[in-house]
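Here is a short briefing on one protein chain. Keep the structure open and find each residue as you read.

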Amino acid sequence: MVKQTIQIFARVKPTARKQQQGIYSVDEDEKLIPSLEIILPRDLADGFVNNKRESYKFKFQRIFDQDANQETIFENIAKPVAESVLAGYNGTIFAYGQTGSGKTFTITGGAERYSDRGIIPRTLSYIFEQLQKDTSKIYTTHISYLEIYNECGYDLLDPRHEASSLEDLPKVTILEDPDQNIHLKNLSLHHATTEEEALNLLFLGDTNRMIAETPMNQASTRSHCIFTIHLSSKEPGSATVRHAKLHLVDLAGSERVAKTGVGGQLLTEAKYINLSLHYLEQVIIALSEKHRSHIPYRNSMMTSVLRDSLGGNCMTTMIATLSLEKRNIDESISTCRFAQRVALIKNEAVLNEEIDPRLMIVRLQKEIQELKDELAIVTGEQRPEALTEAELLQLEKLITSFLEDQDPESRLEVGADMRKIHHCFHHLKKLLNDKKIHGKSTVSSEIKDQDCQEPLKEEEYKKLRDILQQRDNEINILVNMLKKEKKKAQDALHLSSVDRNEFRHSQSSPFPPGNPEGPRTSSSASTQVQDASTFGYRSTLLQRKTGMREEMSLGRQEAFEIFKRDHADSVTIADNKQILKQRFSEAKALGENINEARSKIGRLKEEITQRHLQQVALGISENMAEPSVPDLLEEKLRSQLEEEKKRYKTMFIRLKALKVEIEHLQLLMDKAKVKLQKEFEAWWAEEATSLQVNSPAVKSLSHMKPFPQTPGSQHQESPLLSNKSDVNAGKILPSSCPILHSQEQNRTSASLDDSLPARPTSSIPLTGDSQTDSDILAFIKARQSILQKKCFQ
Ligand code: ADP
Ligand code: MG
């Protein structure tokens with residue numbers, strides 16, 4: 001059993017502006033426990049504390065300041081937890097902090113760069129690497145991905161769900177058995193045999209989460225996500241199985257409801273989130289108080305699911321994510337306070353060992369049979385039925401190996417079955433008789449041989465043995481030479497198939513040169529998520545869920561191209577595409593070098609063999625057992641061979657790492673593509689509705705909604721209003737016309753709301769009618785030219 005308090009770490013998100021300095025300081029004295037001091041700026045402190053400058057100090061296991069990268073976070077926080085999970089203990093890492101403080105960035109990773117991948121992909125990579133290394137046990141890995149939103153659980157990996165809104169998905173519910181163990185109904189477990197399969201599941205879940213999200217539910221900041229790696233291990237032949245679970249938890253934003261100040265549905269959600277985190281806080285308070293007997297785990301779904309992680313059988317770690325800007329001071333302080341309380345909770349992790357019932361049954365059956373046999377002997381009971389053919393064969397095999405065993409202590413174990421014992425005697429007698437009749441001559445010749453050996457002197461014996469060894473070597477070399485020709489042909493075949501495997505992604509890349517962003521053609525409706533080809537399943541699912549069609553009408557296609565070109569994400573997609581291209585060509589060049597090294601290794605080996613053969617032939621002709629001087633040329637060839645092997649290995653390791661990176665980048669781009677598609681479909685449907693309401697076309701352009709832009713781009717100054725207008729002059733740039741955004745849009749959206757029935761925010765009906773689609777396109781184009789005119793005025 002390992003007793004440990006919950007480990008707490010702090011991570012400070014990089015601030016955009018440097019003038020935020022002076023708000024906090026990190027004290028990481030080696031001897032003391034590191035502490036984070038948050039200094040309340042004078043203007044904030046003035047209000048409540050007599051014009052004094054206040055500061056708050058919080059202790060953490062470690063504090064990772066703004067410059068800490070994802071690798072450092074993984075090495076220091078997640079790796080130790082992953083190691084204890086590999087040893088059979090449960091582990092949990094949860095990120096807590098206000099929205100925008102870097103929880104998702106820390107747990108899952110950034111959406112742009114490979115180096116930004118977070119704890120989940122890095123932990124998967126580490127775990128699978130360790131499993132591959134450890135051949136002493138049989139490991140099985142399963143993945144589940146749960147989202148808790150408004151106190152309801154959703155399975156992010158449910159292969160059946162076709163509904164596009166979160167609320168329509170089957171709910172995951174909690175069942176508690178009499179031993180108070182929690183079971184989750186409707187949460188699927190997916191077998192993952194490789195890092196790649198597990199990574200695909202992570203991206204599938206994330207994409208499902210993104211698709212289910214609507215502007216109204218904003219699930220990503222208001223829901224909790226629990227990615228769980230279930231690991232079982234067993235030694236071969238043993239009936240004892242170890243189970244360990246690793247929960248990687250991205251909690252909802254911890255900001256308080258009072259601050260959000262919203263009404264309607266948003267308030268309900270904010271209340272719920274708070275309710276959920278409030279219950280988490282209550283559990284933590286109860287656990288940190290010494291004599292509390294009742295811990296209110298059952299109050300919320302999240303505390304029920306994480307019951308073991310909080311004061312139970314688990315090694316738990318919390319990461320407090322902090323965005324230490326002036327306006328976030330109070331939230332940051334409350335996050336740190338929460339962490340201090342969490343640090344008081346003691347957990348007791350035990351090895352979760354269990355006897356596999358199936359293996360136990362086999363073992364018990366065997367034991368029963370043995371006991372029955374013993375009983376039959378003791379009571380002298382005769383068993384009427386004869387031994388089966390298989391049993392007889394098995395016995396004869398046992399006798400043969402017993403006789404061949406040189407160990408005088410060896411025993412013939414046939415169990416307490418008189419029929420078997422009788423049969424053994426019978427068989428032995430038969431063998432002895434056979435030997436008496438047929439084996440006389442052999443026995444006598446063996447004796448003769450032994451007699452001859454006596455006068456042989458030790459020296460002669462050694463010489464003979466050397467010659468025998470030499471002959472053996474010659475035979476081996478000749479046989480090897482013969483085999484070589486055959487192997488060469490096989491190697492060539494194998495090589496080409498390995499290459500095909502290594503670069504299969506380059507063929508199935510989502511961005512083949514001719515059609516850089518076209519939908520994948522490899523999708524197949526019948527593919528299951530559990531299959532290795534999660535890709536096929538994923539793209540089919542995503543196509544279905546986003547309403548993405550393989551055949552868009554020409555008008556829509558054209559509009560999509562314009563939309564894509566102007567979307568802020570297209571820069572990321574283009575960047576990643578560029579990196580992918582580079583990686584592909586690097587992988588290709590590396591593959592070629594590897595092949596070259598491989599053939600060089602082959603050539604060197606052949607030269608060494610030839611050389612060796614020559615030396616042996618020389619030795620034979622001069623009647624020497626061994627060449628007197630070491631062969632310098634052969635040694636040189638051997639050292640070249642070693643060098644080449646080293647080079648080959650280094651390149652191979654790099655190629656493997658490249659493969660993982662390429663895979664990750666492809667998944668990132670897939671996700672970005674789905675997001676783009678989703679936003680386009682929503683925007684397109686909206687345009688279609690406006691068109692139907694306002695036709696004939698372009699009655700009034702003022703109610704046209706702008707293209708959705710990423711939050712970053714919304715704050716940017718309009719390129720048309722700045723001096724860069726010429727660059728973007730030919731594009732639709734809705735955000736470039738602030739007049740339309742701020743004033744007209746507000747006014748017209750209000751009038752639209754009056755005239756239209758409420759439209760569902762998800763599953764927007766699409767036109768699918770190419771005539772209407774062309775109309776919309778004409779409409780957009782007309783708007784484009786007017787927008788441009790307006791902006792230039
Ligand atoms: P949360 O999940 O807590 O709401 P996110 O992880 O989504 O916050 O982070 C908000 C934004 O800040 C994202 O764009 C993310 O990429 C960025 N970000 C967060 N932490 C870091 C960091 N340590 N380094 C660089 N960017 C970060
Ligand atoms: Mg988040």
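**Aromatic contacts**

F560, F563, F680, W683 and W684 form one aromatic cluster. The model is predicted: local features need pLDDT of at least 70, side-chain atom pairs count only at pLDDT 80 or more, and totals for chains, interfaces and linings use all residues. Residues are numbered from 1 along each chain as its sequence is written, chains are lettered from A and ligands numbered from 1 in the order in which they are written, and side-chain values use heavy atoms, with hydrogens and water left out.

- A pair of aromatic rings is described by the distance of the centres and the angle of the planes.
- Rings of Phe, Tyr and Trp (its six-membered ring) pair if their centres lie within 6.5 Å; planes under 30 degrees apart count as stacked, over 60 as edge-to-face and the rest as tilted.
- By this rule, the count is ten aromatic pairs.
- One of them is Y96 with F338, a stacked pair with 3.9 Å from centre to centre and 10° between the planes.
- Y96 lies in strand β7 (residues 91-96) and F338 in helix α10 (residues 329-342), so this pair ties together parts that are 242 residues apart in sequence.
- Helices (H or I, at least four residues) and strands (E, at least two) are DSSP runs, numbered from the N terminus.
- Y96 and F338 are both buried.
- Buried means under 20% relative accessible area, exposed means over 50%, and partly exposed is in between (1.4 Å probe, protein chains only).
- Y145 and F227 are edge-to-face, because their ring centres are 5.1 Å apart and their planes stand at 85°.
- Y145 sits in strand β8 (residues 138-149) and F227 in strand β13 (residues 224-234), so the pair ties together parts 82 residues apart in sequence.
- Y145 counts as buried at 2% relative accessibility, and F227 is buried at 0%.

**A charge over a ring**

- The charged end of R117 sits over the ring of Y114, 3.9 Å from the ring's centre.
- The rule asks for NZ of Lys or CZ of Arg within 6 Å of the ring centre and within 35 degrees of the ring normal.

**Salt bridges**

- Side chains of opposite charge can pair when their charged atoms come close.
- A salt bridge is a side-chain nitrogen of Lys or Arg within 4 Å of a carboxyl oxygen of Asp or Glu.
- By this rule, there are 23 salt bridges.
- E129 and K133 form one of them, at 3.6 Å from N to O.
- These two are four residues apart in helix α4 (residues 119-133), which means that about one helical turn separates E129 and K133.
- An α-helix has 3.6 residues a turn, so residues three or four places apart point the same way.
- E129 is partly exposed at 39% relative accessibility, whereas K133 is exposed at 57%.
- E586 meets R583 in a salt bridge of 3.9 Å, N to O.
- Both residues lie in helix α19 (residues 569-621), three residues apart, or about one turn of the helix.
- R583 counts as buried at 18% relative accessibility, and E586 is partly exposed at 30%.
- E586 also meets R654 in a salt bridge, at 2.9 Å from N to O.
- That pair links distant parts of the chain, with E586 in helix α19 and R654 in helix α20 (residues 632-694), 68 residues apart.
- R654 is partly exposed, with a relative accessible area of 32%.
- Through shared partners, salt bridges join R583, E586, R654 and E661 into one network.

**Helix α18**

- Which residues of α18 are buried? They are G555, R556, A559, F560, I562, F563, K564 and D566.
- Helix α18 (residues 554-566) has 13 residues and should span 18 Å at 1.5 Å a residue; its end C-alpha atoms are 19 Å apart, which agrees.
- The expected span is 1.5 Å times one less than the number of residues in the helix.

**A loop residue**

- T108 lies in the loop between α3 (103-107) and α4.
- At 12% relative accessibility, T108 counts as buried.
- T108 and R122 are 14 residues apart in sequence, and their C-alpha atoms are 9.1 Å apart in space.
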